[in-house]
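Thanks, everyone. I'll take this one quickly, contact by contact, and then finish with the backbone.

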Amino acid sequence: MIGLLLQFWRHLLVLILLMMLFGLIGARAIKLQVTDRDFLQSQGEARMERVDSISASRGMILDRNGEPLAVSAPLTTLWADPRLFGQENVPELAKALGVTQQWLSQRTSTQKSFVYLKRHMVPEDAAAILDLKMTGVFGQIEYKRFYPAGEVTAQIIGLTNVDEAGQEGIELAFNDVLEGEDGKKRVLKDLYGRTVRDVESIKAVSPGENLYLTVDQNLQYLAYRELKAAVTQYHATAGSLVMMDVTTGEILAMVNQPSFNPNNRANLVYAQARNRSVTDAIEPGSVVKALTLAAALESGKLKPTSEFNTSPGYRRYDGHTIRDTRDYGKLSMTDVLVKSSNIGASEIALTVGGEEVWKVFYDLGLGQVSGIGLPGESAGLLPNRPNWKDIETATFSYGYGLTVTPLQLVVAYAAIANNGVKVQPMMIRDGTSTVSKRVLSESTATKMQSMLEQVVLKGTGRAAQSALYRIAGKTGTSHKVGPEGYNDNRYVGTFAGFAPVSNPRLAMILIIDDPQGEKYYGGEIAAPAFGRIMEAALQLLNVAPDQALSDGAAFVASELEVAL
Amino acid sequence: MSRYGWIAASLVLANLASGVAVIYATYDTRQQFGALQRLENTNQQLSTEYSQLLLEKSAWAASGRVEQKARAELGMIELDANAIKILGNRK
């Protein structure tokens, strides 16, 4: 046995050594595969696997008929990883991007792992650069907002920032709905950061929802065109218009001047981005007289025929003088509205009492936010007082000492038009039902309707007449407030009303702010545009004319040919 | 072969079969996921095209442009009260 061992000891030694080597390899394998497995696996994944986010598209904003008002289009953003990017590629890439070599080499010689090269490129152009297959240059899809209707809907739609987050208007107010949720996927990347393989989807993309507005793009355009024309013609600094369906509370048009082009915000002035119709509270002036008279009828103390003596055209209350444009003598309540007498309105309000007038104003929605849900909405100011002084009640009655937004006024007038039922205005068509509340008795509302029609038939609002539709409304001209109190030669011209009187469908307000020309009365500058817009809007909505059309004025084909 | 031998053999076979099934499932998942990615890319391309077409359409159909064409090229006018006759008795 010993002899055998001695004879083969070399073989045995080799054999044992070899076995030990195998054992070593086996032990190492066990260590790697079993003991250190988790650690090694996680390290490998950390080096190879990446979680990429898949960007969700933002929902569209459309008008009531499905016309797009805000659309997201995917664009490509090029970025670079400076740690991977080779400076030798600078000349070629700079040429392709249309930037200077200096800018590019500076940009790419940092220690960061991410720098933007160019954001929001047309996909084809970006693809051409990506096809150069430079190391460290990547493309990423980002969405950019486009606004097909441009400045016509600019303030109501609002804006998004470069990262597509809502900044203004509906884009801001409904950001949560519009914004989708980004998805996530796991991918394998190679040494150069290129995606080699998509491993699995971690979270599916949920794209943003589309939002339908109550706005009608055609009416919006019509209103915009006419308001712009009026603001230009009378050299005014600003203007607003709100058109509302009186029975549903749907806002059909809301436009403001000056406007801006939301597709090019290089020279955006934020004053233009403001939606004046809801953010700016003004002293309304005479348009409020209609509401004072409604309060008077509602109190039951007065009738449309009740008479008031306004001679001699001025009156003193608590040491302050209130004036009419001339001495109107004795006026019935209807005539107070038709002639827009400040003294008449004051006397009416004093008969009813300040508190009572205030309450009707409040019920009609003044001094509170409308509930439309647009950002930056002002509630206006409707001060209530423990003791109403005569001068306070008087100025209140013809629209001073309180501030309202154009939207609040249109809601109040719509309540009169809707036979005394106030509806909450809305701008989003999402199936929510109309919120309404009776604020005036039906008889008060009907009386107010015919009184307001008189204003257009024979009063200050004659310029708003239409040959097709019976229009009712009230003019207003108020002094603007400057640093030294009321300005003698700066005005706000207003017209608020509704049509057709036989069965009111639309309520509207038109405000021309600070006209610089010779004309400044609401009846001169706001009423004509009001009449034109109202007539055209009702025609577009296919509302049958309610003016008595004479039979003689028949549709004659030959006449039409002449016109052509 | 003894009873235990059979059990051992069938367990080995089952083990092998499940191993193959795992390979197949993994392979299938990758295939499906690849197909999903391709479809998503197509979706991406189509939605790009859709939004571009939508924008193009609304540029052509812009109210101002339609109005201008209607007036200038087609000679359309807005009817005034004199050119409208109501047919039949509305009341």
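Start with A:Tyr491. Buried or exposed? At 10% relative accessibility, A:Tyr491 counts as buried. Keep in mind that this is a predicted model. The cut-off for buried is under 20%, so 10% qualifies.

What about A:Tyr520? That residue is partly exposed, at 22% relative accessible area.

Now put the two together. Over all chains, there are 11 aromatic pairs. One of them is A:Tyr491 with A:Tyr520, and the pair is stacked. Centre to centre, the rings are 3.8 Å apart, with 5° between the planes. Under 30 degrees counts as stacked. Where do the two residues sit? A:Tyr491 is in strand β18, residues 485-499 of chain A. A:Tyr520 is in the loop between β19 (506-513) and α19 (522-525) of chain A. They are 29 residues apart in sequence, so the pair ties those parts together.

There is also a ring cluster. Which residues does it link? A:Trp79, A:Phe114, A:Tyr116 and A:Phe138, through ring pairs.

Two arginines lie over ring faces. A:Arg385 lies over A:Trp388, at 5.6 Å from the ring centre. In chain B, B:Arg3 lies over the face of B:Tyr4, at 6.0 Å from the ring centre.

Which strands build it? Five strands of chain A, in the order β10-β9-β19-β18-β17. The sheet is open, and the pairing is antiparallel. β10 (251-257) and β17 (472-482) stand at the edges. Each has a single partner strand, so one side of each is left without a neighbour in the sheet. The twist averages 10° from one strand to the next. Look at β18(A) and β19(A): 8 bridges join them, and they run antiparallel.

On to charges. How many salt bridges are there over all chains? The structure holds 28.

First on my list, A:Arg119 and A:Glu142. Their side chains meet at 2.7 Å, N to O. This pair links distant parts of the chain, 23 residues apart. A:Arg119 is in strand β4, residues 115-121, and A:Glu142 is in strand β5, residues 137-146, both of chain A. A:Arg119 counts as partly exposed, at 23% relative accessibility. A:Glu142 counts as buried, at 12%.

Next, A:Glu226 and A:Arg532. This salt bridge has an N to O distance of 2.9 Å. Here the partners are 306 residues apart. A:Glu226 lies in helix α9, residues 217-233, and A:Arg532 in helix α20, residues 527-540, of chain A. A:Glu226 is buried, with a relative accessible area of 13%. A:Arg532 is partly exposed, at 42%.

Then chain B. B:Glu67 forms a salt bridge with B:Arg71, and the closest N and O atoms are 3.1 Å apart. B:Glu67 is buried, at 17% relative accessible area. B:Arg71 is partly exposed, at 40%.

Those last two bridges belong together. Salt bridges with shared partners join A:Arg225, A:Glu226, A:Arg532, B:Glu67, B:Arg71 and B:Glu78 into one network. Note the letters: that list holds residues of chain A and of chain B.

Last topic, the backbone. Where are the cis peptide bonds I want to flag? One runs from A:Gln257 to A:Pro258, with omega near -10°. A:Pro258 lies in the loop between β10 and α10 (270-273) of chain A. Another runs from A:Ser311 to A:Pro312, with omega near 0°. A:Pro312 lies in the loop between β11 (307-309) and β12 (314-317) of chain A.

Now for positive phi. A:His235 has phi near 50°, and this residue is not a glycine. A:His235 sits in the loop between α9 and β9 (238-245) of chain A. A:Ser340 has a positive phi too, about 55°, and is not a glycine either. Its place is the loop between α13 (333-339) and α14 (342-352) of chain A. At 15% relative accessibility, A:Ser340 counts as buried.

That's it from me. Over to the group.

Technical notes. Residues numbered from 1 in each chain as written. Chains lettered and ligands numbered in written order. Predicted model: local features only at pLDDT ≥ 70, side-chain atom pairs only at ≥ 80, totals over all residues. Heavy atoms only, no water. Phe/Tyr/Trp six-rings, centres within 6.5 Å; stacked < 30°, edge-to-face > 60°. Helix = DSSP H or I, 4+ residues; strand = E, 2+ residues; numbered from the N terminus. Buried < 20%, exposed > 50% of the residue type's maximum accessible area, 1.4 Å probe, protein only. Lys NZ or Arg CZ within 6 Å of the ring centre and 35° of its normal. Salt bridge = Lys/Arg side-chain N within 4 Å of Asp/Glu carboxyl O. Pairing = 2+ DSSP bridges. Axes fitted to C-alpha atoms, helices over the stretch in contact; angles between N-to-C directions.
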